[in-house]
Amino acid sequence: MIRELLTRLAETRWSIALHESLYVWPLVESTHVLSLTLFVGTAAMLDLRLLGVAFARVPASEFTNRLLPWTRLGFAIMVVTGVLLFTATPVTYYESLFFRLKVLLLLVAGFNVWWFHTRTHDGVSSWELNARPPRAARVAAIVSLLAWTGVVVAGRLVAYNWFACDLQPQPAIVNTLAGCVVPPPDTTR
Amino acid sequence: MMLPFFEWCEASFLGQLVRTSVWLFPIIESFHLVFLCALGGAVLLLDLRMLGTGVRRVTIAQLAGDVHPWLLAAVAGMLATGIPLFMSEALKCYYNPSFWVKMGTAPVALLFAFVVRKRVARNATEATATTRLVAMASLSLWFVVAAAGRWIGFSS
């Protein structure tokens, strides 16, 4: 079902134009990469503060109130450019092991963000001046740093086709995890 | 004049090691990106403050002092990952205009960060016209370095 939808998407004029363009695709991709500094970069600074290893003189709430809007802006640019890139070659990404890993890590990172902002951040006024924030905040910071690092690394490796479905034979585990449709071995001969 | 140096890099042990490995270049490249995030975050944290936005309740001078070691660490990470990447494809870089744009801008950005911006930030409490100008120059310089860096991979 998903594969059929994405195959149809890949056949649209929009998708073909995007992935065949000489400059649009590289420009969108570059924007996607450079926005990492705004998104992951500022988020990492908040994480360092929450971990209690940096910027102890800056109240934690300054980060969540006044730096987070920039993080959100970065995230918005990442999503828009990311969706554009996805529509350029949707089936390739759908079948990419690294892309699947990236989506999985995005879910982990996203859950952590949701958890932090709905639970841990509520009581920020009681610990915003502490050089070392409470345990829950420090755990959220570590999960965030690891998950986003994973997203960046997996995202970069999407460009490598080591485990691509059209490069058979692949180990069975790769074909299963990447959802490759492998034609059954030829038994007529 | 520079070509023999680039040829030496390409033929060096490190250059060959990274070039002949399937995994090394991609993995080092990925962490070059991770350090880009760290560098971008450290640069933005102070530049936004110097622009009059971002975190407050701490003076520019104090924040600059706190950010400095993280900025240094990020730059060290960029160099530690960037040098082996360069060595593995030094000749490709030699004939790549984006590479030269990056190498022309990166030293300027570094000097600007560790001389001009550092000095201005050390003597500033709140954002002024000067700190805003310095922050915009800083952001522009780093933007060119990062954009040219990404473009090395496209213009080959």
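User: Where is R57(B) found?
Analyst: R57(B) is in the loop between helix 3 and helix 4 of chain B; helices here are DSSP runs of H or I with at least four residues, numbered from the N terminus. Keep in mind that this is a predicted model: local features need pLDDT of at least 70, side-chain atom pairs count only at pLDDT 80 or more, and totals for chains, interfaces and linings use all residues. Residues are numbered from 1 along each chain as its sequence is written, chains are lettered from A and ligands numbered from 1 in written order, and side-chain values use heavy atoms, leaving out hydrogens and water.

User: OK, what's its phi like?
Analyst: The phi of R57(B) is positive, about 60°, although R57(B) isn't a glycine.

User: And is R57(B) buried or exposed?
Analyst: R57(B) counts as exposed because its relative accessibility is 51%. The cut-offs are under 20% relative accessible area for buried, over 50% for exposed and partly exposed in between, with a 1.4 Å probe and protein chains only.

User: Switching to chain A, what's the phi of F55(A)?
Analyst: Near 55°, which is again a positive value in a residue other than glycine. F55(A) sits in the loop between helix 3 (24-51) and helix 4 (60-88) of chain A.

User: Why does F55(A) count as buried?
Analyst: Because its relative accessibility is 2%.

User: Which residues does the cis peptide bond join?
Analyst: Q168(A) and P169(A), with omega at about 5°. P169(A) lies in the loop between helix 8 (135-157) and helix 9 (172-178) of chain A.

User: Last one: which helix has I83(B)?
Analyst: Helix 4 of chain B. I83(B) is partly exposed, at 45% relative accessible area.

Notes
Helix = DSSP H or I, 4+ residues; strand = E, 2+ residues; numbered from the N terminus.
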